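Work through the exercises below with the model in view. Try each task before reading its solution.

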Amino acid sequence: MSQFSSAFTAASSVSLPPPSFNVSVSKRSFIYCCSSSQSRTTVVNGKFDGKIFERDEIRFGLPSKGRMAGDTLDLLKDCQLSVKQVNPRQYVAQIPQLSNVEVWFQRPKDIVRKLLSGDLDLGIVGLDTVSEYGRGDEDLIIVHDALKYGDCRLSLAIPKYGIFENINSLKELAQMPRWTIDRPLRVATGFTYLGPKFMQENGLKHVIFSTADGALEAAPAMGIADAILDLVSSGTTLRENNLKEIEGGVVLESQAVLVASRKALIQRKGALDTTHEILERFEAHLRAADQFMVTANMRGSSAKEVAERVLSQPSLSGLQGPTVSPVLCKRDGKVAADYYAIVICVPKKALYKSVQQLRAIGGSGVLISPLTYIFDEETPRWRELLSKLGL
C-alpha cells in the first residue's frame with residue numbers, strides 16, 4: 001500500500017478485496033525528493049533514509065488550531081513550559097525554559113509527516129493522527145501515551161433505521177448477505193489507512209471507502225454511504241443524525257500523545273536530554289493533577305502508634321505511607337510532643353472519605369492543599385523509552 005495519503009482525493013474511492021489488503025492504489029515504485037535550507041531527506045518507495053540533517057535547534061511541533069491546540073498550550077504552561085509567541089500569526093515560537101527548543105505550529109497530520117521527514121524532532125498530536133499518518137513507521141516513538149486531553153474514539157457508525165435497524169454489532173454487519181463485489185458496503189471516512197486495515201482484520205471482504213469533505217454524519221442520509229468511520233467524543237452528533245455505534249466497531253481509543261522521531265532522539269544533539277526533561281515535567285504534573293495533600297494533627301504516645309492508627313484506615317495509606325512527625329511544644333519549661341502531624345496524599349475522589357476517617361481516629365485541624373507536581377525517583381516511561389531506543 002502506498003505510504004502517502006495524497007494518493008486519496010476527495011473524489012476517490014478505495015476498494016478492499018479479500019484477503020491481500022491491496023486497495024485500489026497503484027503500488028508503483030517511485031522516488032520523491034524534498035529539500036529545504038534546514039533539512040534534506042530522500043524518500044524511496046515510501047521509506048525515508050536513515051540520516052538526519054544537522055541543525056542546532058530541536059524542533060517541537062504543536063497543533064496550530066482547535067481545542068487540541070489550546071489544551072496543549074495549557075498543559076505546557078502548567079508544567080512551567082509556557083510557549084512565547086511574539087506574533088500570534090507566526091508559526092514559530094520559543095519555550096524560554098528550553099533554550100535549545102524551537103516550537104513550530106502545524107496541522108496535526110503535518111506534524112506526523114514532518115517527524116518522519118526529519119523536519120521535526122518532537123510533537124504533540126492525537127494517537128489517531130499518529131496511527132493514520134504514521135502508518136506503523138518504526139521511526140515514530142510514543143514517548144507519553146496519555147496526556148489526559150483530546151479524548152475520543154475512532155468508531156464505525158450506521159443508521160438506526162432501515163436495513164440497519166436490528167444491526168447492533170460488527171459481526172452482524174459483516175454477515176448481512178447484501179454485501180457483494182457488485183454491491184459492497186460503502187463507508188465514508190477521512191481515515192483511508194486505518195479504515196481499510198480495520199475492515200481487513202475483521203474479515204469484512206466487500207467494502208469500498210470514499211473520502212468526503214465536511215460533516216460525514218450526513219453521508220448515509222444523502223444516500224452516498226451506508227456507514228461512516230469518524231472520531232466520536234460524546235456521541236451526541238451521531239444520535240442527532242440518527243446514527244449509532246455498534247459493538248466491536250471501535251477502531252481506536254485516542255487522546256493526546258507526545259511522539260518523537262527515533263532517529264532524532266539517537267542522532268540529534270540534546271534531543272534525548274530535552275525529551276527527558278519534558279517527559280519528567282509532564283509525568284510529575286499529570287500524576288499530581290488529581291491528588292491533594294492532607295495534613296492533620298493527632299494525639300498519640302509515639303509516631304509508631306499514630307502511624308498504626310492511620311494505616312488501619314483504607315483511604316489513608318498515601319503514595320508510600322503516611323509521614324508522621326512530632327509537633328513540639330513547650331510545657332512546664334520542657335519541650336514535649338503530645339501531638340503528631342500526619343501528612344498523606346489523597347486522590348480527589350477519595351478526599352472527603354479520607355477526612356472522615358482521619359476524624360474518626362482522632363485527627364483535628366485538617367488542612368487540604370492541591371498538589372502541582374509529584375516527581376518519582378525515575379519515571380517508568382523514561383525507562384521504557386530507553387528500552388525502545390536500545391540504550
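**Before you start**

This is a predicted model, in which local features need pLDDT of at least 70, side-chain atom pairs count only at pLDDT 80 or more, and totals for chains, interfaces and linings use all residues. Residues are numbered from 1 along each chain as its sequence is written, and side-chain values use heavy atoms, with hydrogens and water left out.

**Exercise 1. The whole chain**

Task: find how many helices and strands the chain has, and what share of its residues is buried.

Solution. 
- Step 1. Count the DSSP runs: helices are H or I over at least four residues, strands are E over at least two, and both are numbered from the N terminus. The chain has 12 helices and 19 strands.
- Step 2. Apply the burial cut-offs: buried is under 20% relative accessible area, exposed is over 50%, and partly exposed is in between, using a 1.4 Å probe and protein chains only. Of the 391 residues, 44% are buried.
- Step 3. Turn to contacts, meaning heavy atoms within 4.5 Å. Among contacts with a separation of 6 or more, 71% join residues 24 or more positions apart.

**Exercise 2. The sheet of six strands**

Task: give the order of the 6 strands in the open sheet, and say which strands are at its edges.

Solution. 
- Step 1. Strands count as paired if DSSP finds at least two bridges between them. The order is β6-β7-β5-β8-β15-β9, with mixed pairing.
- Step 2. Look for strands that pair on one side only. These edge strands are β6 (92-94) and β9.
- Step 3. Follow the pairs. β6 and β7 are antiparallel over 3 bridges, and V92 faces W104 in β7. β5 and β7 are parallel over 6 bridges, with V101 in β7 as the bridge partner of I58. β5 and β8 also run parallel, joined by 2 bridges; here G61 stands opposite G123 in β8.
- Step 4. Angles here run from 0 to 180 degrees between N-to-C directions, with axes as lines fitted to C-alpha atoms, for helices over the stretch in contact.

**Exercise 3. Strand β5**

Task: decide which residues cover each face of β5, and whether they are buried or exposed.

Solution. 
- Step 1. Take one side: I58, F60 and L62 are buried.
- Step 2. Take the other: R59, G61 and P63 are buried too.
- Step 3. Sum up. Since 6 of the 6 residues of β5 are buried, the strand is largely enclosed by the rest of the structure.
- Step 4. Zoom in on F60. Leaving aside neighbours within four places in sequence, its contacts include L76, W104, I124, L258 and I278.

**Exercise 4. The cores**

Task: find which residues have the most contacts inside the largest nonpolar core.

Solution. 
- Step 1. A nonpolar core is a set of buried Ala, Val, Leu, Ile, Met, Phe, Trp, Tyr and Cys residues joined through side-chain atoms within 4.5 Å.
- Step 2. The largest has 33 residues, and F60, I124, L147 and F282 have the most contacts inside it.
- Step 3. Helix α9 gives the most to this core, with 6 residues.
- Step 4. A second, separate core of 23 residues includes L170, L194, F198 and L204. Both L194 and F198 are among the buried residues of helix α5 (residues 194-201).

**Exercise 5. The sheet of four strands**

Task: give the order of the 4 strands in the other open sheet.

Solution. 
- Step 1. The order is β17-β18-β16-β19, and the pairing is antiparallel.
- Step 2. β17 (323-331) and β19 (363-370) are at the edges with a single partner strand each, so one side of each has no neighbour in the sheet.
- Step 3. β16 (residues 291-299) and β19 pair over 6 bridges. In β19, S364 is the bridge partner of N297.
- Step 4. Helix α10 (residues 303-311) lies across β16, β17 and β18, at about 130° to β16.
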